[in-house]
Amino acid sequence: MNRYPFEFEHSKPFMQQAGEWVADVFYDVLPEAGFEVRDEQIYMAFQLERAFAEKQTIFAEAGVGTGKTLVYLLYAICYARYHRKPAIIACADESLIEQLVKPEGDIAKLARHLELAIDARLGKSQDRYLCLAKLDNARTDYEDTEIYKDLYENLPDFVHRQAGMQSFYAYGDRKQYPHLNDEQWSRINWDPFQDCFVCEKRHRCGQTLSREHYRQAADLIICSHDFYMEHVWTYEGRKREGQLPLLPDHCAVVFDEGHLLESAAQKALTYRIKHDHFEQLVTRLLKNEIRESLAVLIDEAIDRSEALFARLERQSFPTPGSDRRRIELNDDLVQEVARFRSVIDAIEEELVFESELFNLDGYQLRIVEEHLETMQKALSLFQSSNSLICWATDSPTGLTLVIMPKAVKEVLKESVFGMRIPVVFSSATLSVNGSFDYVASTLGIERYLSFSVNSPYDYSGRMEVAAPAWTNGASFEEKLEATVRLLSRSGGRALILFPSADQLRQFKQSISGHSICNEFNFGFEGDREISHLIADFERDETSVLCAVSLWEGLDIPGPSLSNVIVWSLPFPPDDPVFAAKRQDAASPYEEVDLPYMLLRLKQGIGRLIRTRNDSGTIAILGGELQADQQLRELVRNLLPEGVELKAV
């Protein structure tokens with residue numbers, strides 16, 4: 001069977017032949033199957049051919065309806081087969097992944113109409129999988145134990161008994177438990193403090209089995225931005241520990257909705273330290289025959305850890321609109337960190353002697369040493385407060401210290417953009433005022449190709465955008481009443497976008513007692529697994545979907561989404577990450593807040609019109625548009641040609 005979807009001639013450059021085949025697909029094959037020939041697609045195809053041929057990074061900004069996904073999929077598949085390595089398609093979130101892999105999604109369409117067998121497999125983030133160890137605890141630790149007992153009893157048989165490997169299969173995906181809300185799921189999913197290395201159930205873990213499956217993909221591995229960046233961040237550490245990297249060697253990367261990569265990088269390139277996790281780690285050593293000097297140091301380290309987290313508790317403060325607690329850095333905290341580090345130093349020296357005595361299990365010793373080394377790297381950043389961003393998060397099991405190096409772009413430059421492979425950023429919103437400098441600078445990209453093509457749709461007669469005039473400064477009550485009027489006028493059929501989970505929760509609490517809840521079904525992000533919420537919203541035409549994370553990626557054509565309500569302008573939160581960005585900027589509002597908000601708002605506006613036949617309204621409820629005429633003009637410039645920003 002031919003390895004390529006075209007007859008390959010060794011005398012001609014491969015990418016030239018691939019480009020000719022892609023052109024044939026768009027000019028001949030897909031139109032015969034009922035697809036529309038789009039000039040924007042052809043233009044994008046020629047641009048991507050150059051990026052793949054020259055192994056360059058490219059910003060591919062293409063509006064809604066240009067069919068950009070089909071273009072990058074065709075090139076990625078050809079390139080993967082040429083190099084005999086899979087290409088990675090990294091999406092911003094799980095809803096975008098679903099758009100690609102669902103039965104009527106883009107990969108299935110290509111496979112069907114091109115009569116092409118495409119080997120595409122999912123590599124989901126670790127926190128999307130059930131943790132057997134946490135499930136054991138959940139069966140006794142919470143009031144709703146019956147939920148978790150039922151999950152446990154319905155696990156595959158091989159989890160509970162010995163069985164041949166041929167009977168094992170992947171399980172435990174978040175999508176398999178749609179009835180759990182996000183809080184219930186967080187009690188049983190994998191988290192960074194689960195020590196998988198010593199888990200006796202790791203060979204029966206759904207996450208492990210899934211990894212073994214997707215690593216065998218011949219064409220494409222579909223994953224999230226978070227997961228790809230986790231792969232980058234843990235690559236060297238996993239190799240040192242004798243483990244395989246999270247993703248196999250690959251030939252190219254496509255970042256769908258690539259403007260969101262920076263936040264994924266920040267999330268992945270972090271260190272997390274928790275007192276109870278550290279205590280469990282070092283007390284393992286006490287179960288072995290160790291010297292008294294090491295035992296004394298372990299007790300001292302636990303005391304120092306308790307002292308550090310007690311001080312963090314006193315010096316961390318809530319941040320409105322964010323779950324990140326701001327930490328007040330001062331000399332007392334830095335000295336507490338230094339004292340803790342000195343004890344860890346002493347333990348590391350003692351472990352060198354213990355390893356020579358062979359009193360400790362080599363595997364366990366290596367795990368402890370790796371954890372201690374990672375903690376030292378994290379805490380060393382406190383020696384120069386200008387080199388770190390830190391915050392704390394709270395949970396029922398105590399405070400977590402989160403430390404992120406400021407130089408995220410340096411890691412990206414070396415480990416992603418320095419690999420000499422094609423890297424494609426695809427999105428409808430990569431530029432600000434026609435420039436790609438904002439996204440490029442945040443990611444540390446110095447050399448890149450770029451192009452921008454507009455949507456082929458005629459928006460002028462199909463989209464209305466309104467910003468209400470307020471009498472009380474856009475108070476919560478005013479916005480709630482405006483939302484009720486808008487929902488009544490459109491008969492539901494609405495997506496309401498919130499900049500933060502706090503604002504969504506406040507709306508959910510207030511709207512629940514309103515009579516309009518008797519007219520329409522409301523779905524709230526966090527109540528159930530997100531892909532099932534989206535599917536229900538699409539099926540129930542008059543329903544209302546309220547979300548925080550669906551500013552991009554949501555693709556619901558037809559009347560089910562006829563009304564987009566932007567509850568507030570999506571400015572970034574005042575959390576430690578953005579506070580650090582503002583601190584480093586000469587003009588924080590113009591360089592940080594405004595570009596972020598405009599990109600996100602443009603994405604939210606793009607949820608409305610998904611086909612030529614779609615129509616509807618967008619309401620922007622942010623009170624700033626009434627008070628700031630310059631801001632209003634910037635928002636007006638975001639709108640498609642022919643669409644006006646009306647006052648109602």
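Trp567 is buried, at a relative accessible area of 3%. In this predicted model, Trp567 also has an aromatic partner, Phe498. The pair is tilted, with 5.6 Å from centre to centre and 40° between the planes. Phe498 sits in the loop between β14 and α20, and Trp567 in the loop between β17 and α22 (576–584). The two are 69 residues apart, so the pair links distant parts of the chain. Phe498 counts as buried because its relative accessibility is 0%.

**Aromatic pairs and charges over rings**

The structure holds 29 aromatic pairs. Another is made by Phe52 and Tyr79: the ring centres are 5.1 Å apart and the planes stand at 65°, so this pair is edge-to-face. Phe52 belongs to helix α2 (residues 39–54) and Tyr79 to helix α3. They are 27 residues apart, and this pair too links distant parts of the chain. Both Phe52 and Tyr79 are buried.

The two pairs are set out below.

| Pair | Centre to centre | Angle between planes | Class |
|---|---|---|---|
| Phe52 and Tyr79 | 5.1 Å | 65° | edge-to-face |
| Phe498 and Trp567 | 5.6 Å | 40° | tilted |

One aromatic cluster is formed by Phe59, Tyr228, Phe255, Phe417, Phe425, Phe436 and Tyr448.

Arginines also meet rings. The charged end of Arg139 sits over the ring of Tyr152, 3.6 Å from its centre. Arg324 lies over the face of Trp391, at 4.4 Å from the ring centre.

**The seven-stranded sheet**

Phe498 and Trp567 lie in loops that involve β14 and β17. Both strands belong to an open sheet of seven strands with parallel pairing. The order is β15-β16-β14-β17-β18-β13-β19. At the edges are β15 (522–524) and β19 (645–647), each pairing on one side only. From one strand to the next, the twist averages 20°.

Strand β13 (residues 463–467) runs parallel to β18 (residues 616–620), and four bridges join them. In β18, Gly616 is the bridge partner of Met463.

Two helices pack on this sheet. Helix α19 (residues 476–490) touches β14 (494–497), β15, β16 (544–547), β17 (563–566) and β18. Its direction makes about 175° with that of β17. Helix α20 (residues 501–511) touches β14, β15 and β16. The direction of α20 makes about 150° with that of β15.

**Helices α3, α4 and α5**

How much of α4 is buried? Seven of its eight residues are, so α4 is largely enclosed by the rest of the structure. The buried residues are Glu94, Ser95, Leu96, Ile97, Glu98, Gln99 and Leu100. Their cover includes α3, β2 (87–91), α5, β3, β4 and α21 (530–539).

In helix α5 (residues 106–113), Asp106, Ile107 and Leu110 are buried. These residues cover an arc of only 105° around the axis, which puts them on the same side of α5. Elements covering the buried residues of α5 include α3 (68–83), α4 (94–101), β3 (120–123) and β4 (220–224). After α5 comes Glu115, with a positive phi near 50°.

Thr69 is placed in helix α3. Its relative accessible area is 15%, so Thr69 is buried. Which residues does Thr69 contact, leaving aside its neighbours within four places in sequence? They are Leu100, Asp106 and Asp256. Leu100 is one of the buried residues of α4, and Asp106 is one of those of α5.

**Positive phi in loops**

Most residues other than glycine have a negative phi.

Arg420 is not a glycine, yet its phi is positive, about 60°. Arg420 lies in the loop between α17 (408–415) and β11 (423–427). Ala474, also not a glycine, has a positive phi of about 60°.

Ala474 is buried, with a relative accessible area of 14%. The cut-offs are under 20% for buried and over 50% for exposed.

Conventions
Residues are numbered from 1 along each chain as its sequence is written. This is a predicted model: local features need pLDDT of at least 70, side-chain atom pairs count only at pLDDT 80 or more; totals for chains, interfaces and linings use all residues. Side-chain values use heavy atoms; hydrogens and water are left out. Two strands pair if DSSP finds at least two bridges between them. Axes are lines fitted to C-alpha atoms, for helices over the stretch in contact, and angles run from 0 to 180 degrees between N-to-C directions. Contact means heavy atoms within 4.5 Å. Buried means under 20% relative accessible area, exposed over 50%, partly exposed in between (1.4 Å probe, protein chains only). The arc is that of the directions from the helix axis to the C-beta atoms. Rings of Phe, Tyr and Trp (its six-membered ring) pair if their centres lie within 6.5 Å; planes under 30 degrees apart count as stacked, over 60 as edge-to-face and the rest as tilted. A charge sits over a ring if NZ of Lys or CZ of Arg is within 6 Å of the ring centre and within 35 degrees of the ring normal.
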